[in-house]
Amino acid sequence: MRALRYHGPQDLRLDAIDEPTCGRDQVKLNPEFAGICGTDLHEYLIGPLIIPSEPHPLTGEKVPVTLGHEFSATVVEVGSEISDIRPGDQVAVHPLLYDSTCGPCKRGQPNCCATSASIGFHASTTGGFAQQIVVPRENVFKLPPTVSLEEGALIEPIAVAWHAVENSPFQQGDDALVVGAGPVGLAVIQVLKARGAGRIVVSEISTRRRELAKELGATHLLDPRAPDVVAKCKEICDGEGPAIVLDAAGVQAGLDLALNASRVGATIVNIATWKEQPRLNTLALLLGEKKYIGTLVHVKEDFAEVIEAMGSGLIQPKAMISSVIPLDDAVEKGFKALIADKDSLVKVLVKVQDH
Ligand SMILES: [Zn+2]
């Protein structure tokens with residue numbers, strides 16, 4: 001069987017590797033659709049960054065690793081200890097691995113585990129871009145019949161947005177500003193809509209992305225280059241500005257907008273990984289008693305809640321899928337296409353199986 005593996009920067013290979021054997025408490029899966037994410041692109045271009053060059057303390061593995069951490073799959077075999085999941089079941093995989101023993105793990109923040117690892121970055125044979133993998137039972141989530149395998153591949157990125165909102169003081173009816181409508185920003189918009197936000201204001205430069213933001217639930221669109229963008233944002237939100245800002249852009253102008261256009265007492269949530277460290281206007285933070293907080297990926301509860309919201313139709317993310325390509329084309333029509341055209345492409349899904 002084949003697996004798309006990372007050997008080094010700009011060196012992805014479709015390697016022939018051995019099929020894995022299923023342990024007693026494991027599930028063997030055929031990954032079906034796997035998304036390519038910004039972190040994958042970052043690793044591809046200038047990595048290895050989170051991909052381990054030395055044996056990882058949790059998985060003991062290092063490059064080459066199999067990529068793919070946003071994926072759906074079909075169950076092909078279950079270990080002898082497992083009775084609540086069967087061959088043929090359609091599932092999504094929560095990719096995080098953690099030690100369960102460190103302080104953050106014990107306090108309910110396994111996403112910040114001291115030795116955290118992820119399927120799709122930290123294992124040589126286990127990732128969404130391999131045709132067969134085994135994973136622990138606890139990482140497998142059954143899809144409801146109303147969620148397709150294509151949509152199943154979007155659960156992971158949407159769970160990032162779910163966790164960000166969950167981690168904030170957001171309450172139903174709150175107005176929110178979303179800075180940046182890339183894949184993460186678009187996921188945030190859908191989560192805010194599903195959780196009953198008031199106005200969902202989106203600031204985004206790209207026209208195509210603004211259109212998608214509208215389609216997925218934005219109520220007001222801003223072009224951050226407009227000279228009166230701060231005043232406009234306040235005006236839309238009762239003259240005071242939004243109570244919550246979610247920054248999915250990670251650029252200085254976006255952070256300035258977040259601080260200047262939000263109301264007194266607002267919370268600004270950083271979901272972005274910044275290329276350059278910003279200047280934080282601490283006086284604006286102080287004068288408005290604003291809070292600036294961070295949020296990292298997701299925990300299993302977020303995954304389950306996103307699946308429930310998708311199953312009941314509260315989140316319908318199909319518009320995020322820009323294209324579906326075969327595994328053979330993953331580098332050319334996936335990684336390279338996304339790098340060349342990040343304004344019009346959102347999620348490129350790789351169809352992992354040959355059938
Ligand atoms: Zn831990």
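Predicted model: local features only at pLDDT ≥ 70, side-chain atom pairs only at ≥ 80, totals over all residues.
Ser100 lies in the loop between β7 (96-97) and α2 (103-106).

Most residues other than glycine have a negative phi, and most peptide bonds are trans. Ser100 is not glycine, yet its phi is positive, near 65°. Val297 also has a positive phi, near 35°. The place of Val297 is in the loop between β16 (291-294) and α10 (300-311). The table sets out the two residues.

| Residue | Phi | Relative accessibility |
|---|---|---|
| Ser100 | near 65° | 47%, partly exposed |
| Val297 | near 35° | 26%, partly exposed |

**Helices α1 and α11**

Helix α1 covers residues 38-46 and helix α11 covers residues 330-340; their axes come within 10 Å and cross at roughly 90°. That makes α1 roughly perpendicular to α11. On the α1 side, Asp40, Leu41, Tyr44 and Leu45 take part in the contact, and they meet Val331, Phe335, Lys336, Leu338 and Ile339 in α11. Sorted by class, this contact has seven nonpolar, no polar and two charged residues.

The structure holds two aromatic pairs. In one of them, the ring centres of Tyr44 and Phe335 are 5.5 Å apart and the planes stand at 50°, so the pair is tilted. Tyr44 belongs to helix α1 and Phe335 to helix α11, so the pair ties together parts that are 291 residues apart in sequence. Are these two residues buried or exposed? Both Tyr44 and Phe335 are buried.

**Ile158**

Ile158 is in helix α4 (residues 155-166). Its relative accessible area is 0%, so Ile158 counts as buried. Which residues does Ile158 contact, leaving aside its neighbours within four places in sequence? They are Ala187, Val191, Val306, Met310, Ile315 and Pro317. The C-alpha atoms of Ile158 and Glu70 are separated by 10.0 Å, and the two residues are 88 residues apart along the chain.

**The annotated region**

In an unreviewed entry, UniProt lists residues 8-321 as "domain: Enoyl reductase (ER)". Over residues 8-321 the chain is 28% helix and 21% strand. The end C-alpha atoms of this stretch are 27 Å apart.

Key: Residues numbered from 1 in each chain as written. Heavy atoms only, no water. UniProt positions renumbered as here; feature names shortened; annotations may be inferred. Helix = DSSP H or I, 4+ residues; strand = E, 2+ residues; numbered from the N terminus. Axes fitted to C-alpha atoms, helices over the stretch in contact; angles between N-to-C directions. Parallel < 35°, antiparallel > 145°, perpendicular 65-115°, else oblique. Contact = heavy atoms within 4.5 Å. Nonpolar A, V, L, I, M, F, W, Y, C, P; charged D, E, K, R; others polar. Phe/Tyr/Trp six-rings, centres within 6.5 Å; stacked < 30°, edge-to-face > 60°. Buried < 20%, exposed > 50% of the residue type's maximum accessible area, 1.4 Å probe, protein only.
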